[in-house]
Amino acid sequence: MSDEEDQPSTPQIELKTAGFDSRFPNTNQAKNCWQNYVDHYKCVAAKGEEFPPCHQFKKTFTSLCPEKWVEKWDEQRDENVFPALREKKEEEHH
């Protein structure tokens, strides 16, 4: 028996990154990252966590965005100060 036959088989892991988005043709993907983050949370707010199309936005932003950015944006969302998703307060309507 060869050494290769003695080794247990390792499961194959398929890694994927975000596909090409013609809205963001340039190399710098910062805007693409931000837009997919915003789109994900807008989708979840409109359709719910389990709505399958929302998952694609999350896959894309988790692939493109630095973790520190996402952590900061999550904190801003929690404090209702993230500009793109800020909920309007009742007083602001008057």
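At 46% relative accessibility, Lys31 counts as partly exposed, because partly exposed lies between buried (under 20% relative accessible area) and exposed (over 50%), with a 1.4 Å probe and protein chains only. Lys31 belongs to helix H2. The model is predicted: local features need pLDDT of at least 70, side-chain atom pairs count only at pLDDT 80 or more, and totals for chains, interfaces and linings use all residues. Residues are numbered from 1 along each chain as its sequence is written, and side-chain values use heavy atoms, with hydrogens and water left out.

## Exercise 1: The chain as a whole

Task: State how many helices and strands the protein chain has, and what percentage of its residues is buried.

Solution. 
1. Helices (H or I, at least four residues) and strands (E, at least two) are DSSP runs, numbered from the N terminus.
2. By this rule the protein chain has 4 helices and 0 strands, in the order α-α-α-α from the N terminus on.
3. Of the 94 residues in the protein chain, 24% are buried.
4. With contact defined as heavy atoms within 4.5 Å, residues 24 or more positions apart supply 53% of the contacts with a separation of 6 or more.

## Exercise 2: Helix H3 and its partners

Task: Identify the buried residues of H3 and the helices against which they pack.

Solution. 
1. Cys54, Thr60 and Phe61 are the buried residues of H3. Viewed down the axis of H3, they fall within an arc of 120°, so they line one face of the helix.
2. Pro52 and Lys59 are exposed on the face of H3 turned away from the buried side.
3. The packing partners of the buried residues of H3 are H2 and H4.
4. Asn36, in helix H2, counts as buried at 5% relative accessibility. Leaving aside neighbours within four places in sequence, Asn36 is in contact with Phe57, Thr60 and Phe61.

## Exercise 3: The nonpolar core

Task: List the residues of the largest nonpolar core and name the element that gives the largest share.

Solution. 
1. A nonpolar core is a set of buried Ala, Val, Leu, Ile, Met, Phe, Trp, Tyr and Cys residues joined through side-chain atoms within 4.5 Å.
2. The largest such core has 9 residues in all: Cys33, Tyr37, Val38, Tyr41, Phe61, Cys65, Val70, Trp73 and Phe82.
3. H2 and H4 are the elements that give two or more residues to this core, and H2 provides the largest share, 4 residues.
4. Apart from neighbours within four places in sequence, Cys65 is in contact with Cys33, Trp34, Val70 and Trp73.

## Exercise 4: Aromatic pairs around Tyr37

Task: Classify the ring pair of Tyr37 and Phe61 and that of Tyr37 and Phe82.

Solution. 
1. Rings of Phe, Tyr and Trp (its six-membered ring) pair if their centres lie within 6.5 Å; planes under 30 degrees apart count as stacked, over 60 as edge-to-face and the rest as tilted.
2. For Tyr37 and Phe61 the ring centres are 5.0 Å apart and the planes stand at 70°, so the pair is edge-to-face.
3. Tyr37 in helix H2 and Phe61 in helix H3 are 24 residues apart, and both are buried.
4. For Tyr37 and Phe82 the centres are 5.5 Å apart and the planes stand at 65°, so this pair is edge-to-face. Phe82 lies in the segment after H4 and Tyr37 in helix H2, so the pair ties together parts 45 residues apart in sequence.
5. Tyr37, Tyr41, Phe61, Trp69, Trp73 and Phe82 form one aromatic cluster.

How values were computed: Arc of directions from axis to C-beta.
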